[in-house]
Every structure is written in C-alpha cells, then in structure tokens.
Amino acid sequence: MPRNRGALAVALSLLATPALAACGGSSAAADENVVTVYSADGLKGENGDGWYDRIFADFEKETGIKVEYVEGGSGEMVQRAVREKRNPQADVLVTLPPFIQQADAKGLLQKYVPAGADQVSGADKSPDGTWTSVVNNYFGFVYNKKELTQAPTTWEELLDGKYRNKLQYSTPGVAGDGTAVLIKAMHDFGGEQPALDYLGRLQSNNVGPSASTGKLAPKVDKGELLVANGDVQMNYAQSKDMPNLGIWFPAREGGEPTTFALPYAAGLVTDAPHSENGRKLLEYMLSQKAQQQVSEIGGGFTARQDVKAVDADAIALTNLIKDVEVFEPDWDAIEKNLTDYVDHWKSATGS
C-alpha cells in the first residue's frame, strides 16, 4: 500500500536474473530449485537484516530452494504480474491492500490455503482462499525528531508554511502506503470530497510524487524532509539505523489519531512456473518459527493469532498504537473504486 521502489529493486543476496522479465521465459522458470517472489518493499532490510533476509536464507538452507526476489511498489508489482499473465514469471505475490484484492479480481491468484492460515484473522485473508496475510502492519507517518522537538498531531498542522518543500507522501495508485494516505484522509475527513479538498491544499507543501515510500524515511532522518508517510513495520525497522526517525498518526483537529491495518498479504500466482515451491514458501512464511521472528527481526506484527511475541520489539510496537483508534476500511469497495479515487486525487492535486 511502493512501500515501494520506483525502479524495481532486486535483492542483492537473492539477485533475480536479467532473463526473469523476458517474455519468452527465464532461467528461473527453467530451474526446478527456485521460487520467484514479487513483493512490495519493506520486509527486506536496508543492510540485509530484514525479515525476508532471514526467512529466505533459512528456507533455502532447509529446502534447497533458492528464492529469486523482485521488489517494487504494491501497484507496480500487480501491474507487472498482469503484463506477464500469459507467461507468468512469479510464483508468489506479496502486496498490500487494496492491491492484493485487485490481483485477486484480475485472476492473478490461485486458491491455496497454507498450513497456519486457520490461525489468521478472517479480516486478514481472502474468504475464497486466494491470499493470506503473512505480516500484520499499520499505516502511519514519520517525522524528524531532531528538527521537530514534538511530533505533529493533526492533518491541519501540515498546512503550515514551515512544511513547504519539507513534506512528501508516496503516490496513490502506485505505492501501497501512498494509497493509504488517501484512504485515511477519506476516513478522517468524512468522505472523498473533503479529503480531496484537504489534499489539494496540502499540495503547496508537498515536494512531489514518489513511487517509493521506503525512500522517504531516509530523507526524513537526514532532515531533507520533516514529515512523510510510511507504515509502522517498515519505519520501526528503519528507525534502528535512523536515530532521527519518529512515528506518529495524524488526527483531525480536535479529534483522535487513527490508523488502519495494512498487512503484507501473499498469494500463489495462477499458473506459477513453480507452484509447488511457491506452496512450500507460503507455508514457511506462516510457520510458527517465521512468525515468531516478525517483530524482533521485521519490525512488524505476527499474522498468526496463536503466536504471542513477547520480545522487547513486540512490546514497543504494541505501545506505539495502544492509544490510536483503529478503523477497518471496506477493501472490496476501495478496490472497485480505486481507479476513480486516484483520478480524482490527480485532478485535485494537479498531479
């Protein structure tokens, strides 16, 4: 919801071959001991120390199956899979709402319910078994703790002149977290038009479009930006190496801060070249071992209700959102209207 890379970033330790994107097939597709993952960014560490880094390495060690990893924005990954629909290159697709629903609606996902999915909340998985959340997460914003002695608290605050060219959010319709800005604004302002009116006013302070949410936090940490959008999992993990990064949740003036769940959801690609390997990886992602590592290594929240993380990171993450109102978007309605929402946002902001 490009946690999110504009140019597709390929994990260095799990480098996808150039032939991967070729229309006529790939060496990965010909190799029986690989599984190819297309994913929204955020779960791979900047320094090779993220949740993906750990579980992919462990999965390869335990199974002998190499993970070929391609990373981009949520919408970007779905569109790539759409272009390859007649000759699929990916086995597993991981993206954020509403893009996982979009992938399902476009027939990109086949039914497969991995072991452990029965422990995932019904709201965090498809009713027809085409996808399930593997890491739970929440939408949020970041600010520079060095330049701002106190975190902003309201949307209205961001209209202040001190944020001119010091504020940026990723692009709705391209980035999962960028789309989340629009969704949260619609909720907090009480509808699409009031949200668009506000975002139109905010545009004078906005640096401009960004296909990647993941690239915004380093700019905030360095002071190039004062405020940007993000999400709790990614930003909490980044904050371990970015000491000036703080997480906050905007409220309407006079209201309470709000957020909503923005999970990483995974599904098996229709006609995947290595369906069986894809199934094994999905099972591994939902295993108790991998889920136990979500907070400590990944900075996120376990997707399984029967896994109770009690590490210091899990406690800190819980405390981050304990006083924040959590609302539930109607993802099916958002998926159906997403194109219109994005078009209206472009018109309102001149983007």
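How many aromatic pairs does the structure hold? The count is 16 aromatic pairs, where rings of Phe, Tyr and Trp (its six-membered ring) pair if their centres lie within 6.5 Å, with planes under 30 degrees apart called stacked, over 60 edge-to-face and the rest tilted.

Hi everyone, a quick word on the ground rules. This is a predicted model, with local features needing pLDDT of at least 70, side-chain atom pairs counting only at pLDDT 80 or more, and totals for chains, interfaces and linings using all residues. Residues are numbered from 1 along each chain as its sequence is written, and side-chain values use heavy atoms, leaving out hydrogens and water.

Let's start with Tyr138 and Phe301. Their ring centres are 5.1 Å apart and their planes sit at 85°, so this pair is edge-to-face. Tyr138 and Phe301 are 163 residues apart, and both are buried (under 20% relative accessible area; exposed is over 50%, partly exposed in between, with a 1.4 Å probe and protein chains only).

Next, Phe141 and Trp155 are edge-to-face too, at 5.7 Å centre to centre and 85° between the planes. Both also belong to a cluster linked by ring pairs, whose members include Phe189, Trp248 and Trp331.

Now for charges. There are eight salt bridges, meaning a side-chain nitrogen of Lys or Arg within 4 Å of a carboxyl oxygen of Asp or Glu. One of them joins Lys44 and Asp53, with the closest N and O atoms 3.3 Å apart, and both residues are buried. Glu62 and Lys289 form another, at 3.0 Å. Here Glu62 is partly exposed at 48% relative accessible area, and Lys289 is partly exposed at 43%.

Terms used: Helices (H or I, at least four residues) and strands (E, at least two) are DSSP runs, numbered from the N terminus.
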